[in-house]
Amino acid sequence: MKWIICILVSLAAGYGIAAAAEQQTEPYAVNLEELEWGPPGEGNGPPLGTRTARQGVDPVTGGVTYYAMFPAGGHFDLHWHTHDEFVVVVSGSVILELGDETHELHAGAYVVIPGGMNHSWDVPESGDVVILVRRAGPADFNYVAR
(Lines give C-alpha, C1' and ligand atoms only; values in the text may rest on other atoms or scores of the structure.)
Protein backbone atom coordinates (compact mmCIF):
# COMPACT_ATOMS: atom_id res chain seq x y z
CA MET A 1 0.00 0.00 0.00
CA LYS A 2 2.88 2.41 0.80
CA TRP A 3 4.23 2.16 -2.75
CA ILE A 4 0.81 3.07 -4.18
CA ILE A 5 0.71 6.21 -2.04
CA CYS A 6 4.26 7.05 -3.12
CA ILE A 7 3.36 6.71 -6.80
CA LEU A 8 0.20 8.79 -6.44
CA VAL A 9 2.03 11.55 -4.58
CA SER A 10 4.75 11.58 -7.23
CA LEU A 11 2.30 11.67 -10.11
CA ALA A 12 0.23 14.37 -8.46
CA ALA A 13 3.38 16.44 -8.23
CA GLY A 14 3.79 16.18 -12.01
CA TYR A 15 6.77 13.91 -11.66
CA GLY A 16 5.64 10.76 -13.64
CA ILE A 17 7.94 8.15 -12.11
CA ALA A 18 8.32 5.15 -14.42
CA ALA A 19 7.84 1.74 -12.86
CA ALA A 20 10.79 -0.63 -12.64
CA ALA A 21 11.10 -2.93 -9.64
CA GLU A 22 8.74 -2.21 -6.71
CA GLN A 23 11.04 -3.52 -4.03
CA GLN A 24 14.27 -5.41 -4.42
CA THR A 25 14.31 -8.84 -2.83
CA GLU A 26 16.92 -10.23 -5.23
CA PRO A 27 20.20 -8.82 -6.56
CA TYR A 28 19.67 -6.11 -9.14
CA ALA A 29 22.00 -4.26 -11.49
CA VAL A 30 21.25 -1.88 -14.36
CA ASN A 31 23.31 0.29 -16.69
CA LEU A 32 22.25 3.86 -17.41
CA GLU A 33 21.63 3.09 -21.09
CA GLU A 34 19.29 0.21 -20.11
CA LEU A 35 16.90 2.29 -17.98
CA GLU A 36 13.22 2.28 -18.84
CA TRP A 37 12.38 5.98 -18.70
CA GLY A 38 8.86 7.21 -18.09
CA PRO A 39 7.17 9.70 -20.40
CA PRO A 40 8.36 13.33 -20.41
CA GLY A 41 6.70 15.43 -17.71
CA GLU A 42 4.57 18.46 -18.43
CA GLY A 43 6.35 20.86 -16.11
CA ASN A 44 4.30 22.12 -13.14
CA GLY A 45 7.40 22.43 -10.93
CA PRO A 46 9.93 20.07 -12.51
CA PRO A 47 11.38 21.18 -15.86
CA LEU A 48 9.21 20.49 -18.87
CA GLY A 49 10.38 17.17 -20.34
CA THR A 50 11.75 15.70 -17.09
CA ARG A 51 11.82 11.89 -17.24
CA THR A 52 12.24 9.43 -14.40
CA ALA A 53 13.01 5.73 -13.98
CA ARG A 54 12.03 4.25 -10.64
CA GLN A 55 14.31 1.53 -9.30
CA GLY A 56 12.60 0.50 -6.08
CA VAL A 57 10.67 1.40 -2.94
CA ASP A 58 11.84 0.65 0.59
CA PRO A 59 9.11 -1.58 2.08
CA VAL A 60 9.70 -0.17 5.58
CA THR A 61 10.01 3.59 4.97
CA GLY A 62 8.21 3.96 1.64
CA GLY A 63 11.29 5.82 0.38
CA VAL A 64 11.67 5.62 -3.38
CA THR A 65 14.90 5.29 -5.37
CA TYR A 66 14.83 6.64 -8.92
CA TYR A 67 16.81 8.25 -11.69
CA ALA A 68 15.69 11.64 -12.99
CA MET A 69 16.74 13.24 -16.27
CA PHE A 70 16.35 17.02 -16.40
CA PRO A 71 16.55 18.54 -19.91
CA ALA A 72 19.16 21.11 -20.92
CA GLY A 73 18.15 24.62 -19.91
CA GLY A 74 15.54 23.34 -17.44
CA HIS A 75 14.64 24.79 -14.05
CA PHE A 76 13.14 22.83 -11.14
CA ASP A 77 11.18 25.30 -8.99
CA LEU A 78 12.08 26.00 -5.36
CA HIS A 79 10.59 23.26 -3.16
CA TRP A 80 11.17 21.06 -0.12
CA HIS A 81 10.39 17.49 0.96
CA THR A 82 9.28 16.07 4.29
CA HIS A 83 12.03 13.43 4.29
CA ASP A 84 15.77 13.61 3.64
CA GLU A 85 16.87 13.23 0.02
CA PHE A 86 20.20 11.72 -1.08
CA VAL A 87 21.37 12.52 -4.62
CA VAL A 88 24.25 11.51 -6.89
CA VAL A 89 24.86 13.41 -10.13
CA VAL A 90 25.33 10.59 -12.65
CA SER A 91 25.98 12.62 -15.80
CA GLY A 92 26.06 16.25 -16.85
CA SER A 93 26.19 19.34 -14.66
CA VAL A 94 23.59 21.14 -12.58
CA ILE A 95 23.39 24.17 -10.33
CA LEU A 96 21.72 23.42 -7.01
CA GLU A 97 20.32 26.14 -4.79
CA LEU A 98 20.39 24.50 -1.36
CA GLY A 99 19.09 26.74 1.40
CA ASP A 100 21.17 29.93 1.25
CA GLU A 101 24.00 28.35 -0.76
CA THR A 102 24.49 27.64 -4.46
CA HIS A 103 26.53 24.65 -5.67
CA GLU A 104 27.75 23.84 -9.16
CA LEU A 105 27.69 20.05 -9.33
CA HIS A 106 29.22 17.69 -11.88
CA ALA A 107 29.10 13.94 -12.53
CA GLY A 108 30.08 12.10 -9.36
CA ALA A 109 28.84 14.76 -6.94
CA TYR A 110 26.91 13.60 -3.86
CA VAL A 111 24.32 15.72 -2.05
CA VAL A 112 22.34 15.29 1.16
CA ILE A 113 19.23 17.48 1.30
CA PRO A 114 17.70 17.45 4.78
CA GLY A 115 13.92 17.21 5.01
CA GLY A 116 12.33 20.67 5.10
CA MET A 117 15.22 22.41 3.30
CA ASN A 118 14.30 24.59 0.33
CA HIS A 119 16.15 23.73 -2.87
CA SER A 120 15.93 24.19 -6.64
CA TRP A 121 17.83 22.87 -9.67
CA ASP A 122 19.03 24.73 -12.80
CA VAL A 123 20.40 22.81 -15.75
CA PRO A 124 22.80 24.63 -18.10
CA GLU A 125 21.93 24.88 -21.80
CA SER A 126 24.99 22.71 -22.53
CA GLY A 127 23.22 19.39 -21.91
CA ASP A 128 20.85 17.17 -19.95
CA VAL A 129 21.65 16.05 -16.42
CA VAL A 130 20.88 12.66 -14.86
CA ILE A 131 20.66 12.26 -11.10
CA LEU A 132 20.07 9.22 -8.89
CA VAL A 133 17.77 9.96 -5.94
CA ARG A 134 17.10 7.99 -2.76
CA ARG A 135 14.48 9.27 -0.34
CA ALA A 136 14.30 8.49 3.39
CA GLY A 137 10.49 8.33 3.19
CA PRO A 138 7.60 8.76 0.74
CA ALA A 139 8.09 11.41 -1.92
CA ASP A 140 6.31 14.73 -1.58
CA PHE A 141 6.91 18.04 -3.32
CA ASN A 142 6.08 21.25 -1.46
CA TYR A 143 6.63 24.24 -3.76
CA VAL A 144 7.66 27.62 -2.34
CA ALA A 145 6.41 30.88 -3.80
CA ARG A 146 9.21 33.41 -4.37
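A residue counts as buried when its relative accessible area is under 20%, and as partly exposed when the value lies between that cut-off and 50%. The model on your screen is a predicted one.

Begin by selecting phenylalanine 76, which is buried because its relative accessible area is 2%. Phenylalanine 76 belongs to strand E3 (residues 75-80) and tyrosine 143 to strand E10 (residues 142-143), so that the pair links distant parts of the chain, 67 residues apart. Tyrosine 143, with a relative accessibility of 34%, is partly exposed.

Next, select phenylalanine 70, which is buried at 1% relative accessibility. With phenylalanine 76 it makes an edge-to-face aromatic pair, in which the centres are 5.6 Å apart and the planes are 65 degrees from each other.

For the last stop, move to glutamate 85 in strand E4 (residues 85-91), a residue that is buried, with a relative accessible area of 3%. Which side chains make polar contacts with the side chain of glutamate 85? Show histidine 81, whose side chain is joined to that of glutamate 85 by a polar contact of 3.1 Å, and then histidine 119, whose side chain makes a polar contact of 3.2 Å with the side chain of glutamate 85. Beyond its neighbours within four places in sequence, glutamate 85 is also in contact with residues including Tyr66, Val112 and Arg134.

Terms used
Residues numbered from 1 in each chain as written. Predicted model: local features only at pLDDT ≥ 70, side-chain atom pairs only at ≥ 80, totals over all residues. Heavy atoms only, no water. Phe/Tyr/Trp six-rings, centres within 6.5 Å; stacked < 30°, edge-to-face > 60°. Buried < 20%, exposed > 50% of the residue type's maximum accessible area, 1.4 Å probe, protein only. Helix = DSSP H or I, 4+ residues; strand = E, 2+ residues; numbered from the N terminus. Polar contact = N/O pair within 3.5 Å; in protein donor to acceptor, adjacent residues only side chain to side chain. Contact = heavy atoms within 4.5 Å.
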